[in-house]
Amino acid sequence: MKIWTSEHVFNHPWETVAQAAWRKYPNPINTAVIGTDVVEQRVVDGVLHTHRLVSSKWYFPQWAQKLIGSPNVCYASEKSTVDPQQRLMTLKTINLTFGSFLSVYETLSYVPHPTDPAKTLLKQEATVQVEGVPLNRYMEDVLTKNISTNAGKGRQGLEWVIGKLNAEMKELANSAATSTNEILTQTKKSLDDITDQARKSMDELSATAQKIHI
């Protein structure tokens with residue numbers, strides 16, 4: 001059995017990182033994950049509980065494929081909790097494909113950085129165990145290295161999603177500002193039209209009054 005751990009600090013507040021983590025896949029950085037499907041979702045005492053099925057591609061060396069096979073798509077079960085009150089997001093994932101002889105159990109937690117609330121601390125741990133096939137220890141080493149590589153891609157992918165979210169927010173703000181300016185312009189035009197109409201009516205009344213006086 002192999003245990004892999006890692007920590008990483010994102011220079012973004014927890015709310016931003018948690019939202020990006022929820023929308024992490026698919027992304028162009030980590031293309032191994034090809035899709036997610038929500039199996040169940042509920043809110044209990046203000047905490048969001050979600051169960052998702054994760055579809056991905058596992059790239060094994062050719063010798064490993066001969067031992068365990070090479071399905072087109074591999075599946076994993078992901079269970080997550082998001083507690084906005086405590087500012088804690090936790091994801092726990094275990095593989096379903098190859099489950100009879102291979103176990104990859106991964107836990108990720110996102111919390112505010114203990115000394116800088118404007119940043120977010122990611123703690124990541126994975127346990128890898130291979131049994132019942134030849135070269136099992138070597139396969140555990142290969143899988144652990146893949147997890148480390150994919151973790152780096154995952155962090156880059158999260159930064160990409162954060163950039164996309166920020167761009168969407170900027171576009172929304174610009175759109176709102178444009179709409180506000182259009183409303184103000186239209187309102188000013190309407191007021192000018194009303195003023196002109198009122199002035200015209202007053203001029204007509206004045207002219208009529210002068211004719212009557214004459």
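**Reading the predicted model**

Along the sequence, the protein runs β-α-β-β-α-β-β-β-β-α. This is a predicted model.

Colleague: How many helices and strands does that make?

Modeller: The protein has three helices and seven strands.

Colleague: Where does Leu 158 lie?

Modeller: Leu 158 is part of helix α3, which covers residues 136-213.

Colleague: Why is Leu 158 called buried?

Modeller: Its relative accessible area is 1%, and buried means under 20%. Leu 158 therefore counts as buried.

Colleague: Which residues is Leu 158 in contact with, leaving aside neighbours within four places in sequence?

Modeller: They are Phe 10, Val 17, Ala 20, Ala 21, Lys 24 and Tyr 110. A contact needs heavy atoms within 4.5 Å.

Colleague: Is Leu 67 buried, exposed or partly exposed, and what makes it so?

Modeller: Leu 67, in helix α2 (residues 62-68), has a relative accessible area of 36%. Buried is under 20% and exposed is over 50%, so 36% falls in between and Leu 67 is partly exposed.

Colleague: What makes the nonpolar surface patch that includes Leu 67?

Modeller: Leu 67, Leu 135 and Tyr 138 make a patch of about 300 Å². A patch residue needs over 30% relative accessible area, and Leu 67 has 36%.

Colleague: What share of the residues of the protein counts as buried?

Modeller: Of 214 residues, 32% are buried. The protein exposes about 13,500 Å², with 55% of that area supplied by carbon and sulfur atoms.

Key: Residues numbered from 1 in each chain as written. Predicted model: local features only at pLDDT ≥ 70, side-chain atom pairs only at ≥ 80, totals over all residues. Heavy atoms only, no water. Helix = DSSP H or I, 4+ residues; strand = E, 2+ residues; numbered from the N terminus. Buried < 20%, exposed > 50% of the residue type's maximum accessible area, 1.4 Å probe, protein only. Areas by Shrake-Rupley, 256 points an atom, 1.4 Å probe, with all protein chains shown as cover. Patch = residues over 30% accessible without salt bridge, like charges linked within 9 Å, V, L, I, M, F, W, Y side chains within 5 Å. Salt bridge = Lys/Arg side-chain N within 4 Å of Asp/Glu carboxyl O.
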